[in-house]
Amino acid sequence: MVMGDLGRDVDVVVVGGGPGGYSAAFRCAELGLETVVVDAEQRLGGACLYEGCIPSKALLHVAAVLGEAERAREFGVDFGTPRISLDPLRKWKAERVIGKLARGLASVARSKGVEVIGGRAVFEGSRELRVGGDAPQTLRFTHGVIATGSRPSPLPGIAIDSDRVMDSTAALALPDVPERLLVVGGGYIGLELGQVYAALGSRVVLIEMLDGLLPGVDRDLVQPLARRCDKLFAEVRVGTRLTALRAAGETIEASYGDVTATFDRVLVAVGRRAATEGLGLQRTGVRPDARGVIAVDEHGRTADPYLYAVGDVTGEPMLAHRAMRQGKVVAEVIAGRPAAFDNVVVPAVVFTDPEVAWCGLTEGEAQRAGRAVKIARFSWAASGRATTLGRADGLTKLVADAESGRVLGVGIVGPGAGELIAEGALAVEAALTAEDVAATIHTHPTLAETLMEAAESLLK
Ligand SMILES: Cc1cc2nc3c(=O)[nH]c(=O)nc-3n(C[C@H](O)[C@H](O)[C@H](O)COP(=O)(O)OP(=O)(O)OC[C@H]3O[C@@H](n4cnc5c(N)ncnc54)[C@H](O)[C@@H]3O)c2cc1C
């Protein structure tokens, strides 16, 4: 304890103000617990709001507008060559998008009586932590929630000190539009940001170490996206490992496969690492694994009876909506209510053009597990709505139990897949059968009908 600091006692301290942390804090406060959030940046929103979901989706919206304008030429509408001004774009993202949402979160916190303290938290024990920063203080608590999130992983074995080599946070700041951009990593972050920069005018080369883009996702769902990337990017190389990066004046020389090429910037998007270093967890009963991940049970409890953990710090899938659900569950558990993170699916979306979304069992997983399933594929070439949008490249896919017809998984590729997957998640979570989905009237003409059509094809 700092001299002169008598410390303060509260019911709940949440460390980290990202979606996991603020969801836990808001619900704790609603349930009558005195709740304080400690965040290193003294703000709510975390990586999601400031360097993740929201800024990337704002920039992808810009990319989508540019893409639509380009496509409009097909039906005789020509907007001419777009002129992009980075300053207004950055300002719109920072003020009209991030700033607006940040003000909203701050006002929700005020209305619920959740206090946000700025400073880095370090645990002194299982029921006490010290907050650094401008106004150091000690907090004692009955329950602690660790929600410190994750950070971009560095490139293993390749160290280079150059601001031309960016992680996703630096890339989202839009320092400029590099003429030549190398994207290292064919996961969702590399693909989303690669498409943003390609739309803004960069010549993008994307390399991925594994054999395909979006590892783990069924290939038929990835194919339309891969085709689009082949068109948008100068080059896509899978099965290609980056071996060296060298600063060469104002450029970066990159070696990968049998190539050495020069780029103006490099974006490294090779995954994220749970942020548990420096938290003082050795003074608690929590023992993160070698990757920094904290193991939790279905109630969000760690190995320490006073400490819970939610969000990216608990490992994959590192997604904001999972963090939010975990946060709400933990709050209920702390308040003594029966609750568990017993969700059947955590849906995932890649917000590229086209979007790719899936939830539950994939066809690949079913095959590997030797599970008897029926697969339905409905091509958007047969969808009235997709045709009016000029987007026959989409596909909606259902994976259902071979015997009962219960929907076990859904995959969608096409514009709006990120919205459409909500119906799939509900179907799997609520244990609906293909017959239930087929018998539900879907509005016409919509892309949602493709789920109904896919389900109908399983009844034949
Ligand atoms: C480019 C990008 C795009 C993404 N897009 C999506 C998307 O479209 N959809 C989606 O679901 N997810 C997306 N994600 C992932 C999403 O951002 C994370 O899953 C989510 O933010 C995790 O929330 P969290 O609460 O666990 O932690 P975070 O949001 O990481 O918040 C952690 C907070 O803890 C604070 N903190 C850390 N250590 C301390 C400490 N010792 N003391 C005090 N405070 C501390 C940090 O300052 C931070 O504010 C994206 C991520 C990136 C990088």
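**Group meeting: strands, a pocket and salt bridges**

Asp-258 is exposed, with a relative accessible area of 70%. Exposed stands for over 50% relative accessible area, buried for under 20%, and partly exposed for what lies in between, using a 1.4 Å probe and protein chains only. This is a predicted model, so local features need pLDDT of at least 70 and side-chain atom pairs count only at pLDDT 80 or more, while totals for chains, interfaces and linings use all residues. Residues are numbered from 1 along each chain as its sequence is written, and side-chain values use heavy atoms, with hydrogens and water left out.

I will stay with Asp-258 for a moment. Its salt-bridge partner is Arg-237, with 3.7 Å between the closest N and O atoms. A salt bridge, in this talk, is a side-chain nitrogen of Lys or Arg within 4 Å of a carboxyl oxygen of Asp or Glu. This pair links distant parts of the chain, 21 residues apart: Arg-237 is in strand β11 (residues 235–237), and Asp-258 is in the loop between β13 and β14. Helices and strands are DSSP runs numbered from the N terminus, helices being H or I with at least four residues and strands E with at least two. Arg-237 is partly exposed, at 22% relative accessible area.

Next, the sheet on either side of that loop. Three strands form an open sheet in the order β12-β13-β14, with antiparallel pairing. At the edges are β12 (242–248) and β14 (259–263), each of which pairs on one side only. From one strand to the next, the twist averages 20°; axes are lines fitted to C-alpha atoms, for helices over the stretch in contact, and angles run from 0 to 180 degrees between N-to-C directions. Pairing requires that DSSP finds at least two bridges between two strands. β12 and β13 (residues 251–256) have six bridges, in the antiparallel sense. Within that pairing, Arg-246 has Glu-253 of β13 as its bridge partner.

A parallel case is β9 (residues 180–184) with β10, which pair over five bridges. Arg-180 stands opposite Arg-203 in β10. Which part of β10 (residues 203–207) is covered? Four of its five residues are buried, so the strand is mostly covered. In the loop between β10 and α7 (219–232) we find Leu-214, whose phi is near 45°, a positive value in a residue other than glycine. Leu-214 is buried, at 4% relative accessibility. Gln-42 also has a positive phi, near 50°, in the loop between β2 (35–39) and α2 (46–51), but Gln-42 is exposed at 51%.

Now the second largest pocket. Its space comes to about 1,300 Å³. On a 1 Å grid over the protein atoms alone, a pocket is an open set of points where a 1.4 Å probe fits, with protein on both sides within 12 Å along at least five of seven lines, and lining residues have an atom within 4 Å of a point. Grid points are joined across faces, edges and corners, and the volume is the space filled by probe spheres set on the points. The lining has 48 residues, and Gly-187, Tyr-188, Pro-215, Gly-271 and Glu-316 lie nearest the centre. At least two lining residues come from each of α6 (188–200), β18 (348–350), β19 (356–360) and β22 (407–413). By class, the lining has 31 nonpolar, 11 polar and six charged residues. Nonpolar covers Ala, Val, Leu, Ile, Met, Phe, Trp, Tyr, Cys and Pro, charged covers Asp, Glu, Lys and Arg, and the others, Gly among them, are polar.

Strand β19 contains Cys-359, which is buried at 2% relative accessible area. In the loop between β18 and β19 sits Pro-354, joined to Asp-353 by a cis peptide bond with omega about -10°. A cis peptide bond also joins His-444 and Pro-445, with omega about -10°.

Back to salt bridges. The count is 31. Glu-363 pairs with Arg-377, the closest N and O atoms being 2.6 Å apart. Glu-363 is in helix α9 (residues 363–369) and Arg-377 in strand β20 (residues 373–379), 14 residues apart. Glu-363 is buried at 17%, whereas Arg-377 is partly exposed at 43%. Elsewhere, salt bridges that share partners join Glu-68, Arg-71, Arg-228, Asp-353, Arg-391 and Asp-393 into one network.
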